[in-house]
Amino acid sequence: YGANLGYDHTFNRFSLGGLVTWSRLDFDDAYSSEEGVIDNQDRDRDGYSWQLRAGCQFRTDMQAFASYRGYSIEYKEPFDRNGYSRNGDGYTVNAGIGFTMTGKLNGDVFASYNERSYDDPRLQEISGWAGGAGLQWNPTYLTSVYGRISSSIEETTSEWSSGYFRTLYSVRVDHELKRFLQINGFLSFSDNDYQLLAGAPDDARAWDEIWRAGIGLSWFINRHARLSASYEWEELETNVTGDGYETNSIWLVLGLEY
C-alpha cells in the first residue's frame, strides 16, 4: 500500500518541487519442503520519505538540477529472525543536467550519493557514490524508447548483511499500432551488491543478478479504461548454491483512470 503528495512550481527559469510518500509492505509466509513454514512477518515494514528538488534552466535546452531525499524505515517486528533491529533512516542526494535535443530526444545525467544507517549498532552503515542517467527517444510519432540507469540502497533480512546496493539498468519500447492499440517490450538487469558484516562466512549471500524481460499488448477501450495482456520472464543468479530461480508469468490487467 502507498500514498504520495507532491507540488511543483516554476518561477521563470527556476523550478522548485516537494514530495512526501508513505508505503507499507506486508509479506505472506512462504513454505519450504525442507524447513516447513517460513515466517516472513519480520519483513513487514512502513517507509516514509520526503524530497526537495530545485532546477535552473540556464539554456533553452538544458537545466541544472539538484535533489535531496530523506527516508525512514520502521519494521513491524522489533527484531528480525536473526535478532537484529533493522529500523533506521537514510538519504540520497542527486545533482545533474537535464537536456533536450532535436525535439525527439530528452534525458538527464546525474551523480548521486546514498547513505543508510540502522538503529542496531551491529549493522554497519551503507554509503557510496553512484551515477545515473535517463533517456527518452521518439524516433517517430508512434514509437517511444526509454532507457534508465539508477542506484539505491535496499532492505534485506539476510543473516550476514545490513542491506544491499542495487544498480538497475532498464530499457523499454512502446509502439502505437492503432490509436487504441499499443505494443510494448522491456529488458532490465539488476546488480545487487550485499554489504557483508564482519565475520561473514564464504557462503554468505554476497551478490544477486536479476534479469527480467517482457512483452505486452494494451487495448484502450476508452479514455478511462484499458485492457492489457503481457508475458514476463525473470531469472536470478546468485553466489548462494540452490537459491537461483527462473519464472515465466502471464498477466491480464484491467486498468481504470479518471
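The legends below accompany an overview and several close-up views of a predicted model.

**View 1. Overview of the chain, built from strands.** The secondary structure of the predicted chain comes to 15 strands and 0 helices, and the C-alpha trace spans about 55 × 40 × 35 Å along its principal axes. Among contacts with a separation of 6 or more, 50% are between residues 24 or more positions apart.

**View 2. The largest nonpolar core.** Ten residues are shown, namely Y71, I73, Y75, Y84, Y118, L123, I126, I153, F165 and L197, which together make up the largest nonpolar core. Strand β6, covering residues 62–75, provides the largest share of this core, with 3 residues. In soluble globular proteins, nonpolar side chains tend to be buried together.

**View 3. E155 and its polar partners.** E155 lies in the loop between β10 (143–154) and β11 (161–178), and this residue is buried because its relative accessible area is 13%, under the 20% limit. Its side chain makes a polar contact of 2.7 Å with the side chain of Y75, and a second polar contact, of 2.9 Å, joins the side chains of E155 and R116. When neighbours within four places in sequence are left aside, the residues in contact with E155 are R45, I73, Y75, R86, R116, Y118 and Y164; of these, I73, Y75 and Y118 also belong to the largest nonpolar core.

**View 4. Salt bridge between D42 and R81.** A search of the whole structure finds 13 salt bridges, and the one shown here pairs D42 with R81, whose closest N and O atoms are 2.7 Å apart. The pair links distant parts of the chain, since D42 sits in the loop between β4 (36–38) and β5 (45–59), whereas R81 sits in the loop between β6 and β7 (88–101), 39 residues apart. D42 counts as buried, at 7% relative accessibility, but R81 counts as partly exposed, at 42%.

**View 5. Salt bridge between D120 and R122.** The side chains of D120 and R122 meet in a salt bridge with an N to O distance of 2.8 Å. D120 counts as buried at 7% relative accessibility, and R122 counts as partly exposed at 48%.

View 6. D243 forms a salt bridge with R205, the closest N and O atoms being 2.5 Å apart. This pair also links distant parts of the chain, with D243 in the loop between β14 (225–238) and β15, and R205 in the loop between β12 (181–196) and β13, 38 residues apart. Here the acidic residue D243 is partly exposed, with a relative accessible area of 35%, while R205 is buried, at 18%. Together with D208, R205 and D243 are linked in a network of salt bridges.

**View 7. Nonpolar patch on the surface.** F180, W219, F220, I221, L227, L252, L254, L256 and Y258 form a nonpolar surface patch whose accessible area is about 1,000 Å² together. Strands β13 (207–220) and β15 (245–256) each supply at least two of the patch residues, and the largest share, 3 residues, comes from β15. F220, which is located in strand β13, is partly exposed, with a relative accessible area of 32%.

Methods:
Residues are numbered from 1 along each chain as its sequence is written. This is a predicted model: local features need pLDDT of at least 70, side-chain atom pairs count only at pLDDT 80 or more; totals for chains, interfaces and linings use all residues. Side-chain values use heavy atoms; hydrogens and water are left out. A nonpolar core is a set of buried Ala, Val, Leu, Ile, Met, Phe, Trp, Tyr and Cys residues joined through side-chain atoms within 4.5 Å. Buried means under 20% relative accessible area, exposed over 50%, partly exposed in between (1.4 Å probe, protein chains only). Helices (H or I, at least four residues) and strands (E, at least two) are DSSP runs, numbered from the N terminus. Patches are made of residues with over 30% relative accessible area and no salt bridge: like charges are joined within 9 Å, nonpolar side chains (Val, Leu, Ile, Met, Phe, Trp, Tyr) within 5 Å. Accessible areas come from the Shrake-Rupley method with a 1.4 Å probe; for residues, only the protein chains shown count as cover. A salt bridge is a side-chain nitrogen of Lys or Arg within 4 Å of a carboxyl oxygen of Asp or Glu. A polar contact is a pair of N or O atoms within 3.5 Å; within protein, one must be able to donate a hydrogen and the other to accept it, and residues adjacent in sequence count only if both atoms are side-chain atoms. Contact means heavy atoms within 4.5 Å.
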